[in-house]
Amino acid sequence: MKNLSSFEELEELGEAIIKEYLKHAKLTESFCIDIEGFLISYLGLDLVYDNFAETDCGRIGFLSDGVRKLWVYHDHKRIQVLYPKDTVVLDNILLRDNESGRHRFSMAHEAAHKVLEKHIPKQTMPCFHSVFDTEASYTQEELQQAFSWNELLADRLGAIFLMPRFLVNKAIKKYSDKSYFIVYGNSIFTENDKIAIHKIANCMGVSYTAFVMRLRELDLLEHHDISEYIGSNLHLEVSYDE
């Protein structure tokens with residue numbers, strides 16, 4: 001099937017939706033999106049937690065269509081539970097203190113699935129939010145689902161919900177007094193820029209890695225040759241003996 005949406009379209013749609021939500025919730029001064037409030041009060045979804053027992057241990061989130069059952073552990077037994085339609089089910093592991101970033105992104109990802117269901121209903125279907133494990137063994141069906149266009153769209157829209165362009169630009173100016181960051185090679189930043197990026201990521205409630213990925217998506221990284229960093233920042237120069 002021909003893809004019925006694009007990343008450019010999602011950027012416009014996602015940002016407009018978040019602006020409407022912030023206005024509705026009277027949170028226009030916040031840098032950190034209340035993604036749980038967005039999911040429940042704005043999109044009308046229910047949110048519950050359970051002990052996932054799917055064969056793919058990377059599955060941590062699910063938006064129920066009221067038809068497909070979820071494997072979970074109840075009283076030390078592996079059973080199937082059918083959750084009502086429009087219920088977001090997240091793995092209990094996400095409630096741990098050190099899982100805040102994945103927790104928020106999982107909610108955003110499932111919220112994105114609901115919006116995509118309305119936006120391109122002919123192309124969407126109920127899917128799991130999975131964390132890919134490079135050491136695990138996956139079936140062909142699991143791989144196709146994990147890397148489907150539908151999942152890529154949900155990841156991108158979820159990132160837009162958490163880090164809309166207008167908030168990213170506003171946060172960069174507040175915490176770094178600039179409009180973009182310089183990256184040397186593919187991933188080298190100066191210490192000051194790393195500190196600024198960490199501050200912005202923290203204030204937006206996302207991980208450092210997720211925020212850097214978002215900077216790439218928004219074309220807010222200016223690429224310089226890594227040799228410039230070695231010479232200008234590390235003050236290392238190669239000398240040749242005659």
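Here are legends for a handful of close-up views of this predicted model.

**View 1. Y83 and the residues around it.**
Y83 sits in the loop that runs between β4 (77-81) and β5 (87-91). Its relative accessibility comes out at 14%, so Y83 goes down as buried; the cut-off for that label is under 20%. Ignore the neighbours within four places in sequence, and Y83 is in contact with V48, D50, S64, G66, L70 and V89. With D50 there is also a polar contact between the side chains, at 2.4 Å.

**View 2. The aromatic pair Y21 and F38.**
Across the whole structure, a search turns up six aromatic pairs. In the one formed by Y21 and F38, the ring centres are 5.3 Å apart and the planes meet at 70 degrees, so this pair is edge-to-face. Y21 belongs to helix α1 (residues 7-25) and F38 to helix α2 (residues 35-42), so to speak two distant parts of the chain, 17 residues apart, linked by the pair. Both Y21 and F38 are buried.

**View 3. F38 again, now with Y42.**
F38 also pairs with Y42, and here the rings are stacked, with 5.6 Å from centre to centre and 20 degrees between the planes. F38 and Y42 are four residues apart in helix α2, which means about one helical turn separates them.

**View 4. The salt bridge between E11 and R156.**
Side chains of opposite charge can pair when their charged atoms come close. The model has 13 salt bridges. One of them joins the side chains of E11 and R156, at 3.4 Å from N to O. E11 is in helix α1 and R156 in helix α5 (residues 149-162), so the bridge ties together parts of the chain that are 145 residues apart in sequence. E11 is buried at 11% relative accessible area, and R156 counts as buried at 13%. The pair is also part of a salt-bridge network that links E11, R156, R214 and E217.

**View 5. D86 and K114, a loop bridged to a helix.**
The side chains of D86 and K114 meet in a salt bridge, with an N to O distance of 2.7 Å. D86 is in the loop between β4 and β5, whereas K114 is in helix α3 (residues 100-119), so this bridge connects parts 28 residues apart in sequence. What about burial for D86 and K114? Both are buried.

**View 6. R102 and E99.**
Here the side chains of R102 and E99 form a salt bridge, at 2.7 Å from N to O. R102 has 31% relative accessibility and counts as partly exposed, whereas E99, at 12%, counts as buried.

L236 is found in the segment after α9 (226-232).

Technical notes: Residues numbered from 1 in each chain as written. Predicted model: local features only at pLDDT ≥ 70, side-chain atom pairs only at ≥ 80, totals over all residues. Heavy atoms only, no water. Buried < 20%, exposed > 50% of the residue type's maximum accessible area, 1.4 Å probe, protein only. Contact = heavy atoms within 4.5 Å. Polar contact = N/O pair within 3.5 Å; in protein donor to acceptor, adjacent residues only side chain to side chain. Phe/Tyr/Trp six-rings, centres within 6.5 Å; stacked < 30°, edge-to-face > 60°. Salt bridge = Lys/Arg side-chain N within 4 Å of Asp/Glu carboxyl O.
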